Amino acid sequence: MGKFIEFIFQKIYMAMLASGIFLVLTLCGGVLFGLAPASTVLMTLFAQYRYDYKAYKWQEAWSLFKENFLRSNQVFYTLLSIEVVFLYGLYLLVQLPQSILTVIISILNLLLALLLPLAYAVYLKLQVYFELSYINSIKLSFIGMFLNVGAMFKIAFGTAMIMAIFYYMPALVFFVFLGAWHFFISDLLEPVYQLIASRLVDKP
C-alpha cells in the first residue's frame with residue numbers, strides 16, 4: 001500500500017513539475033509565442049527522462065525552448081489559422097438557409113476543425129525525434145493521424161475530459177493536467193512514431 005501511495009504522489013508531483021515548467025516557459029514567450037515551444041520542451045524532456053523528475057533541469061528546458069521557438073510557432077500558428085478558417089466557415093454556414101448541401105458542408109467543416117488539434121498533437125510527438133522542415137512537419141502531422149485511429153479517439157476523449165474538468169476546477173488543470181496531458185499524448189502516440197520511424201528507415 002505504501003508503494004502504491006508513493007507511486008501516485010510521484011506521478012502527481014511529475015505532472016505539477018511539468019505544468020510549472022510549461023507555465024513559466026509560456027510566460028517567457030509572452031504567452032502567445034510561448035505556448036508552442038513550451039509544449040515541444042515538455043515532449044522532449046518526457047521522451048528523454050520519462051518520470052525521473054530529478055533529471056528535469058531548467059537550463060536544458062530553456063535551451064530547448066530557444067532552439068524550438070521559431071519552428072514550433074510556425075507550425076502551431078499555421079494549424080491555428082486553418083482552424084479559425086474552418087470554425088468561421090462553420091459559423092457562416094449555420095447562418096444560411098439550411099439544406100442537405102449546407103448540412104454536409106457544415107459536418108465536413110466540423111470534422112476538419114476537430115482533426116487539426118490532433119494533427120498538432122502528432123507534430124509534438126514527431127518533432128522530438130525528427131529534424132523536419134516546416135512543410136514536412138505539416139505533412140507528417142496529417143499523415144500520422146491516420147496511422148493509429150484508436151489513439152486519435154483516445155486523445156480526443158482525454159482532451160475533452162480535461163476541458164470539462166477545466167470548467168469546474170481550472171486550477172487543477174493549470175497546475176496538474178497541463179503536464180499530464182503531454183505525458184498522455186506522448187504515450188498514446190508512441191506507436192505512430194514507431195511506425196513512421198520504421199518506414200523512414202526502410203525507405204531506400
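A search of the whole structure, which is a predicted model, finds two salt bridges. I will take them one at a time, then move to helix H4.

Arg50 is partly exposed, at a relative accessible area of 37%. Asp187 also counts as partly exposed, at 36%.

The other salt bridge is between Glu190 and Lys125, and here the closest N and O atoms are 2.7 Å apart. Glu190 belongs to helix H8 and Lys125 to helix H4, so parts that are 65 residues apart in sequence are tied together by this pair. Are these two residues buried or exposed? Glu190 counts as partly exposed, at 27% relative accessibility. Lys125 counts as buried, at 3%. In general, side chains of opposite charge can pair when their charged atoms come close.

A word on confidence. The mean pLDDT of the protein chain is 90, and 97% of its residues reach 70 or more. Which element has the lowest mean pLDDT? That is helix H8, residues 190–202, with a mean of 83, while helix H2, residues 35–49, has the highest, 95. Glu190, from the second pair, lies in helix H8.

Now helix H4, which covers residues 100–126. Ser106 is in this helix, and Ser106 is buried, with a relative accessible area of 11%. Leaving aside neighbours within four places in sequence, Ser106 is in contact with Leu90 and Leu93. Asn109 is in helix H4 too, and Asn109 counts as buried at 12% relative accessibility. With neighbours within four places again left aside, Asn109 contacts Phe86, Gly89, Leu90 and Leu93.

Leu110 also lies in H4, but Leu110 is partly exposed, with a relative accessible area of 41%.

Last, one residue elsewhere. Gly158 lies in helix H6, residues 149–168, and Gly158 is buried, with a relative accessible area of 14%. Gly158 and Phe184 are 26 residues apart in sequence and 8.4 Å apart in space, C-alpha to C-alpha.

Key: Residues numbered from 1 in each chain as written. Predicted model: local features only at pLDDT ≥ 70, side-chain atom pairs only at ≥ 80, totals over all residues. Heavy atoms only, no water. Helix = DSSP H or I, 4+ residues; strand = E, 2+ residues; numbered from the N terminus. Buried < 20%, exposed > 50% of the residue type's maximum accessible area, 1.4 Å probe, protein only. Contact = heavy atoms within 4.5 Å. pLDDT = per-residue confidence, 0-100. Salt bridge = Lys/Arg side-chain N within 4 Å of Asp/Glu carboxyl O.
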